[in-house]
Amino acid sequence: MPEDEDLLRMMAISRMILSDATQLAQSILLKKTSPKTTKPPLDPSKFTILPLRRPHLPPPSLCTSSMEAPPPGYRKNVGICLINPAKKIFAASRLDLPDSWQMPQGGIDDNEDPKTAAFRELKEETGVTSAEYVAEVPHWLTYDFPPEVGERLRRRWGSNWKGQAQKWFLLNFVGDESEINLLGDGNEKPEFGQWSWISPERMVQLSVDFKRPVYEEVFTVFAPYLQ
């Protein structure tokens with residue numbers, strides 16, 4: 001009968017709707033009850049550590065001290081302030097000016113390192129080889145020759161220097177005083193007659209007038225080592 005067919009059709013549709021609703025409910029329930037997945041912790045060993053890249057900077061500029069080029073017209077020279085364990089200064093009297101005392105000094109040869117020249121001059125003038133470097137004045141110190149001295153040196157050197165530009169070194173005497181020989185090492189004509197260990201103040205007093213400002217500056221720079 002037509003009524004029975006309609007009833008059967010409605011019942012089938014109801015079952016389909018109920019089945020769909022049941023599946024939807026189960027799906028929702030499954031999502032709520034299923035455990036949450038978590039990401040495993042990071043393993044540092046699996047990462048490559050790249051070196052820190054520093055910005056490219058130009059190399060620091062090298063400051064060229066005034067030692068690189070002495071004032072024009074001055075002869076390049078080294079001075080040696082030799083001190084003993086008591087912090088006294090080695091001084092010697094000049095043969096040509098007996099009342100004038102000075103510290104060892106001498107000219108720098110062409111292409112010679114000033115420090116090398118200092119040790120060479122010390123050996124040539126005093127015989128001393130047992131000396132150790134301590135410090136140096138970081139700039140040239142100059143003095144002018146008085147007219148009579150300049151004329152005498154012009155005849156000796158065959159040049160017309162107006163004075164000397166000196167590089168000063170502080171050296172420690174670490175040998176025995178028997179090593180000191182004012183005849184030097186025999187390579188140069190002797191310049192000194194007597195020697196003594198004296199204070200910086202006495203050294204300034206006994207020096208010739210035109211060298212005193214240089215000596216005062218030398219002892220000012222080396223003062224921390226002379227205490």
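Which residues is Met203 in contact with, leaving aside its neighbours within four places in sequence? The list runs Ala91, Trp101, Gln102, Met103, Ile198, Tyr215 and Phe219, where contact means heavy atoms within 4.5 Å. The model behind this is a predicted one, in which local features need pLDDT of at least 70, side-chain atom pairs count only at pLDDT 80 or more, and totals for chains, interfaces and linings use all residues. Residues are numbered from 1 along each chain as its sequence is written, and side-chain values use heavy atoms, with hydrogens and water left out.

Now for the overall layout. The protein has five helices and eight strands, taken as DSSP runs (H or I, at least four residues, for helices; E, at least two, for strands) and numbered from the N terminus. Read from that end, the order is α-β-β-β-β-α-β-β-α-β-β-α-α. Of the 227 residues, 33% are buried; buried means under 20% relative accessible area, exposed over 50%, and partly exposed in between, with a 1.4 Å probe and protein chains only. The accessible surface is about 15,600 Å², and carbon and sulfur atoms hold 57% of that; areas come from the Shrake-Rupley method with a 1.4 Å probe, and for residues only the protein chains shown count as cover. Among contacts with a separation of 6 or more, 75% link residues 24 or more positions apart.

Back to Met203 and its surroundings. Met203 is listed with Cys81, Met103, Trp168, Tyr215, Phe219 and Phe222 as having the most contacts inside the largest nonpolar core, a group of 24 residues. Such a core is a set of buried Ala, Val, Leu, Ile, Met, Phe, Trp, Tyr and Cys residues joined through side-chain atoms within 4.5 Å. Two or more residues each come from S1, S2, strand S6 (141–144), helix H3 (147–157), S7, helix H4 (200–206) and helix H5 (212–221). H5 gives the most, with four residues. Apart from this core lies another, of 21 residues, including Tyr74, Ala165, Ile180 and Trp197.

Helix H2 (residues 114–126) is next. Its 13 residues should span 18 Å at 1.5 Å a residue, and the end C-alpha atoms are 18 Å apart, which agrees; the expected span is 1.5 Å times one less than the number of residues. Ala117, Ala118, Glu121, Leu122, Glu124, Glu125 and Thr126 are the buried residues of H2. Their cover includes strands S1 (74–83), S2 (89–94), S4 (105–107), S5 (131–136), S7 (163–173) and S8 (192–198). At the start of H2, a side-chain oxygen of Asp113 comes to within 3.1 Å of the backbone nitrogen of Lys115. Just after the helix, Gly127 has a positive phi of about 80°.

Lys87, between S1 and S2, is a residue other than glycine with a positive phi, near 65°. Lys87 counts as partly exposed because its relative accessibility is 31%. Asn111 sits in the loop between S4 and H2, and is likewise a residue other than glycine with a positive phi, here near 60°. With a relative accessible area of 84%, Asn111 is exposed. Ser100, from the loop between S2 and strand S3 (101–102), has 7% relative accessibility and so counts as buried. Not counting residues up to four places away in sequence, Ser100 touches Ala92, Ser93, Arg94, Leu206 and Val208.

Terms used: Polar contact = N/O pair within 3.5 Å; in protein donor to acceptor, adjacent residues only side chain to side chain.
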